[in-house]
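Here's a quick briefing to read alongside the structure. Have the sequence and the 3D view open, and take the topics in order.

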Amino acid sequence: MPTEDIRASLGLRPVINVSGTMTSLGASIVVPEAIAAMTAILPQFVEINDLQRKASAVIARLTGGEAGFVTASCSAGISLAVAGAMTGADLLAIEKLPDVTPERNEVLVQMGHVVSYGAPVDQAIRLAGGKVVLIGQATSAHRYHMENAINEKTAAAVYVVSHHVVDYGLLKLTEFVEIAHAKGVPVIVDAASEYDLRIFLEQGADIVLYSGHKFLGGPTSGIVAGKKDLVRNAFLQNMGIGRGMKAGKESVFGVMAALEAWEKRDHDGIRAREAGYLQLWRETLEGRPGVTALIEPDPTDNPLDRMRVIICEQQAHITAWDLAEALARGTPPIIVRDHEIEHRHFYLDPCNLHPGQEAIVARRLADELDKAAASNEIIATPLENRSRHRFDSALRWPD
Ligand SMILES: *Cc1c(COP(=O)(O)O)cnc(C)c1O
């Protein structure tokens with residue numbers, strides 16, 4: 001934990017993040033190596049394309065790709081990779097985007113992959129001038145859907161790896177790649193939140209995109225990696241739509257440091273520490289009426305377990321969403337992973353805690369559940385209120 005908490009002097013709430021890597025909470029704890037790298041380079045001038053060449057070498061070494069570069073975000077990476085697939089190295093075409101001439105701008109995506117990571121996947125494609133062509137239905141995509149969707153206007157195919165996507169009935173990456181490559185279409189993989197830096201290129205992807213600020217613990221940024229010519233064509237977009245998505249010297253160097261730290265990170269030690277947190281929370285919740293605590297693996301096989309906390313409101317005297325809300329409102333605020341809350345459960349994600357915070361989480365959970373248990377009435381606000389008021393605060397911003 002930092003000795004001095006800057007948040008108090010800013011008048012910001014000292015939130016504890018048990019929700020995972022959330023952009024809305026500041027993504028992740030940046031590793032000391034990346035902080036040191038950013039501090040070291042900020043006062044210096046560099047030739048930025050040369051710095052990106054150095055980044056390319058580090059990205060290539062860690063991903064097994066031929067080249068790579070750093071951009072503003074994974075979302076930016078999707079736009080730049082799609083743009084590169086449409087323009088090639090044509091500098092005039094790059095300047096004209098998002099207008100596309102001649103029109104070879106169709107981008108295939110399985111319908112079950114068109115999700116929101118806080119913004120729509122398809123918008124990142126449209127932003128580059130791409131025209132999204134949906135394959136299949138939400139829970140079903142087959143070879144014939146994709147084969148028939150490919151024509152002379154097809155520029156690329158985008159594949160999303162995420163807990164957000166539909167996890168059954170869709171084309172696996174290897175099959176998706178095989179169908180695309182049979183017709184000369186490059187495959188772009190959005191792997192923003194995936195720990196495995198090599199597997200998607202190994203499975204045949206031409207470009208893979210990662211977030212620098214999620215599991216890697218780097219600055220806010222995106223990593224583009226893959227085939228040299230396609231990565232270069234995406235990089236050239238910095239003279240076009242990529243200008244507004246650029247990464248500064250500190251982000252480029254910060255990501256290089258985060259990648260090298262990742263290589264040396266004590267992954268087993270971290271896993272063991274997180275297992276200890278989960279065990280503590282299990283002990284805290286065990287035996288409480290209406291509370292079931294399950295330890296579950298990550299849905300996309302990242303080496304990470306989370307705790308699913310299932311709440312039966314009749315016995316616990318509070319609904320899952322009211323409990324999540326109470327945890328978020330209290331002191332200190334505990335933000336849980338609540339995207340499936342209508343199923344009457346939330347998750348506790350141990351990956352973004354400073355040592356010691358696990359005990360605060362346990363205490364706050366116990367306090368809120370004790371309070372609910374002592375209440376004569378069941379604390380149950382209608383779930384509809386939550387969705388109705390979801391964007392109220394954002395719509396009032398900055399007030
Ligand atoms: C987080 C996420 C993104 C966006 O990443 P940023 O780097 O924050 O732009 C894109 N796709 C998926 C699947 C994500 O989880």
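Between which two strands is the loop that holds aspartate 301? Aspartate 301 sits in the loop between β9 (291–297) and β10. Keep in mind as you go that this is a predicted model.

**Two residues with positive phi**

- Let's stay with aspartate 301 for a moment: its phi is near 70°, a positive value in a residue other than glycine.
- Aspartate 301 has a relative accessible area of 70%, so it counts as exposed.
- Histidine 317 also has a positive phi without being glycine, with a value near 65°.
- You'll find histidine 317 in the loop between α13 (313–316) and α14 (320–329).

- Alanine 293 is part of strand β9.
- Its relative accessible area is 18%, and alanine 293 is therefore buried, since buried means under 20%.
- Arginine 306 counts as buried because its relative accessibility is 9%.
- From arginine 306 to serine 221 it's 85 residues in sequence and 25 Å in space, C-alpha to C-alpha.

**Aromatic rings that pair up**

- How many aromatic pairs are there? The count comes to 7.
- One of them is phenylalanine 69 with phenylalanine 235, an edge-to-face pair with 5.3 Å centre to centre and 70° between the planes.
- This pair links distant parts of the chain, as phenylalanine 69 belongs to strand β2 (residues 67–71) and phenylalanine 235 to helix α10 (residues 228–235), 166 residues apart.
- Phenylalanine 69 and phenylalanine 235 are both buried.
- Why does the pair of tyrosine 159 and phenylalanine 176 count as edge-to-face? The ring centres of tyrosine 159 and phenylalanine 176 are 5.0 Å apart and their planes are at 70°, so they get that label; the angle has to be over 60 degrees for it.
- Here, too, distant parts of the chain are linked: tyrosine 159 is in strand β5 (residues 154–160), while phenylalanine 176 is in helix α8 (residues 173–182), 17 residues apart.
- Tyrosine 159 and phenylalanine 176 are both buried as well.
- Four residues, Tyr195, Tyr210, Phe215 and Trp262, form one aromatic cluster.
- A ring can have a charge over it too: the charged end of lysine 249 sits over the ring of phenylalanine 45, 5.7 Å from the ring's centre.

**Another look at strand β5**

- Threonine 154 is in strand β5.
- With 5% relative accessibility, threonine 154 counts as buried.
- Which backbone atom does the side chain of threonine 154 reach? The side chain of threonine 154 reaches the backbone nitrogen of asparagine 151, at 2.8 Å.

**Around the ligand**

- Serine 73 has a polar side-chain atom 3.4 Å from an oxygen atom of the ligand.
- For cysteine 74, a polar backbone atom is 2.7 Å from an oxygen atom of the ligand.
- Histidine 213 brings a polar side-chain atom to 3.1 Å from an oxygen atom of the ligand.
- On its own the ligand has 380 Å² of accessible area, and the protein covers 92% of that.

**Two cis peptide bonds**

- Leucine 97 and proline 98 are joined by a cis peptide bond, with omega at about 10°.
- Where is proline 98 found? Look in the loop between α5 (91–96) and β3 (106–110) for proline 98.
- A cis peptide bond also joins tryptophan 397 and proline 398, and its omega is about 10°.
- Proline 398 is in the segment after α17 (392–396).

Note on methods
Residues numbered from 1 in each chain as written. Predicted model: local features only at pLDDT ≥ 70, side-chain atom pairs only at ≥ 80, totals over all residues. Heavy atoms only, no water. Phe/Tyr/Trp six-rings, centres within 6.5 Å; stacked < 30°, edge-to-face > 60°. Helix = DSSP H or I, 4+ residues; strand = E, 2+ residues; numbered from the N terminus. Buried < 20%, exposed > 50% of the residue type's maximum accessible area, 1.4 Å probe, protein only. Lys NZ or Arg CZ within 6 Å of the ring centre and 35° of its normal. Polar contact = N/O pair within 3.5 Å; in protein donor to acceptor, adjacent residues only side chain to side chain. Areas by Shrake-Rupley, 256 points an atom, 1.4 Å probe, with all protein chains shown as cover.
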